[in-house]
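Please walk me through this protein chain.

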Amino acid sequence: MIFNIVFHRDDSDIDEDKAFEEELMRQRKLIDDAIKADKKRLETAAAEAKAKAEKEKKEKEEKEKKEKEEKKKKEEILKQQQSAATSIEGMEEYKKYYAKIEYYKTKIKPMMKEDTFRKQCFNAKMIINRTITQLQSDHKIVYEKYEFLKNHILNIKQQSNEAFEFLLNHLSKVFLAQVKQEIHATAFAAYFLARFACLMCSAIPEFLDYLMGRLLKRCQYLIPKYHDDDPTLSADEIRSRLRYNYSNKEKKILETFLEHSENQKCYIMFYSALCQTVPDPGQPENPFPIKYAWIWLARICNMPPREVTPILVLGCLEVSAIRLLEAYPHQTPKLFRLIRETICSMYPITDNQDNLSSIKQLEMFLDEYFQTGVPKCIPETLPPSVK
């Protein structure tokens, strides 16, 4: 006998299966939600940790930056205090150059009491006097006069080293007197006088010490040294140390601020012209290159400005701005911007406003450069219509 057994599921069994599936799905969803929540928590924790790390890094960097800025500020304040009236580095350089002048005073000058030596020097120095007055803007003439004087001085050296030293000292004095006279009359003279000095210093290195020793003595602003940090000095004593000349020797009347500053500007312009001189092809390198103009400009801008400062800075830029930009294309515009936007407003004005014109001229010089990209320096030669 065959039995056909049929199992029938009632409604309760179907409901249980359905409930089981729903419970299973609910459990899976809880697990999935838990996984998602855990993942989100980990991501949030990681993000918070990253943000915290970045915040701490930023705070550390800002703290280090602030500490660095404060340290720099303190160093700048200390430097300014130390150089309020004198550049320490500049003074050391001056002493180095002036050692040659001291040598001359102690070793060579006393020999002038000897008739033979004095006569030898007198005849030789007359040739120097005459030759210096013959210098002109023509490069050919400058080179001819340089060659002539170089040979003259070196020939004397073969006869007497003491007479050689005498002539170098004399040449520096006569030449700087010519610098003051020529540049005061026509500013472009700074260029050909500097070219002559460049050639002479290259051929006779000893002349550089005499020239710079005498120049920095005549123009203390080239150190720079203002002499106004000693309360025991009177106003006239400070003027004397700053090389104010007498406009009336008999009455002992010193030149005015304007007369003094214009004379000192001549030396600044010569110095700047010397630094920016580029020798002609085949000639020796400039032993006093453009970096020295940059150093002087940086030194005087790092010191508290005086009434005379804008006149001197203008004199430097009118001659050397083009070469400064060529040599230091990134730093120079920044320095010019600093002078125009910060330092110019700090220049003290004299009681009778004698320096106001120079401040305005300096501002105009820099404004024109920023507008055109080209500084309007003094031409190296006079225009044909003026010659």
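**Charges and helices**

Glu70 lies in helix H1, which covers residues 11–82. Helices here are DSSP runs of H or I with at least four residues, strands are runs of E with at least two, and both are numbered from the N terminus. This is a predicted model, in which local features need pLDDT of at least 70, side-chain atom pairs count only at pLDDT 80 or more, and totals for chains, interfaces and linings use all residues. Residues are numbered from 1 along each chain as its sequence is written, and side-chain values use heavy atoms, leaving out hydrogens and water.

Glu70 counts as partly exposed because its relative accessibility is 40%. Buried means under 20% relative accessible area, exposed means over 50%, and partly exposed is in between (1.4 Å probe, protein chains only). Glu70 also belongs to a negative surface patch, together with Glu56, Glu59, Glu61, Glu62, Glu64, Glu67 and Glu69. Patch residues have over 30% relative accessible area and no salt bridge; like charges are joined within 9 Å, and nonpolar side chains (Val, Leu, Ile, Met, Phe, Trp, Tyr) within 5 Å.

Now turn to the salt bridges. Side chains of opposite charge can pair when their charged atoms come close. The rule asks for a side-chain nitrogen of Lys or Arg within 4 Å of a carboxyl oxygen of Asp or Glu. By this rule there are 16 salt bridges.

Lys150 and Glu147 meet in a salt bridge, 3.3 Å from N to O. Both sit in helix H4 (residues 139–159), three residues apart, which is about one turn of the helix. An α-helix has 3.6 residues a turn, so residues three or four places apart point the same way. Lys150 is buried, because its relative accessibility is 16%. Glu147, at 23%, is partly exposed.

Other pairs join separate helices. Glu206 and Lys157 form a salt bridge of 3.6 Å, N to O. Glu206 lies in helix H7 (residues 205–218) and Lys157 in helix H4, so the pair ties together parts that are 49 residues apart in sequence. Glu206 is partly exposed at 24%, and Lys157 is partly exposed at 33%.

What about Lys265 and Glu318? Their salt bridge has its closest N and O atoms 3.3 Å apart. Lys265 is in helix H9 and Glu318 in helix H11, so this pair links distant parts of the chain, 53 residues apart. Lys265 is buried, with a relative accessible area of 10%. Glu318 is buried too, at 14%. Elsewhere, Arg195, Asp280 and Glu380 are linked in a network of salt bridges.

Next comes helix H10. Which of its residues are buried? They are Tyr292, Ala293, Trp296, Leu297, Arg299, Ile300 and Cys301. Their cover includes helix H2 (88–108), helix H9 (257–276), H11 and helix H12 (331–343).

Look at Arg299, placed in H10 (residues 291–301). Its relative accessibility of 17% makes it buried. Apart from neighbours within four places in sequence, Arg299 is in contact (heavy atoms within 4.5 Å) with Ser87, Glu89, Gly90, Glu93, Ile223 and Pro224.

Step past the helix. Asn302 lies in the loop between H10 and helix H11 (309–327). Asn302 is partly exposed, with a relative accessible area of 42%.

Finish with Lys334, in helix H12. Lys334 is exposed, because its relative accessibility is 63%. The C-alpha atoms of Lys334 and Leu199 are separated by 32 Å, and these residues are 135 residues apart along the chain.

Note on methods:
Accessible areas come from the Shrake-Rupley method with a 1.4 Å probe; for residues, only the protein chains shown count as cover. Lys and Arg count as positive and Asp and Glu as negative; His and the chain ends are not counted. The place of a charge is taken as NZ of Lys, CZ of Arg, CG of Asp or CD of Glu.
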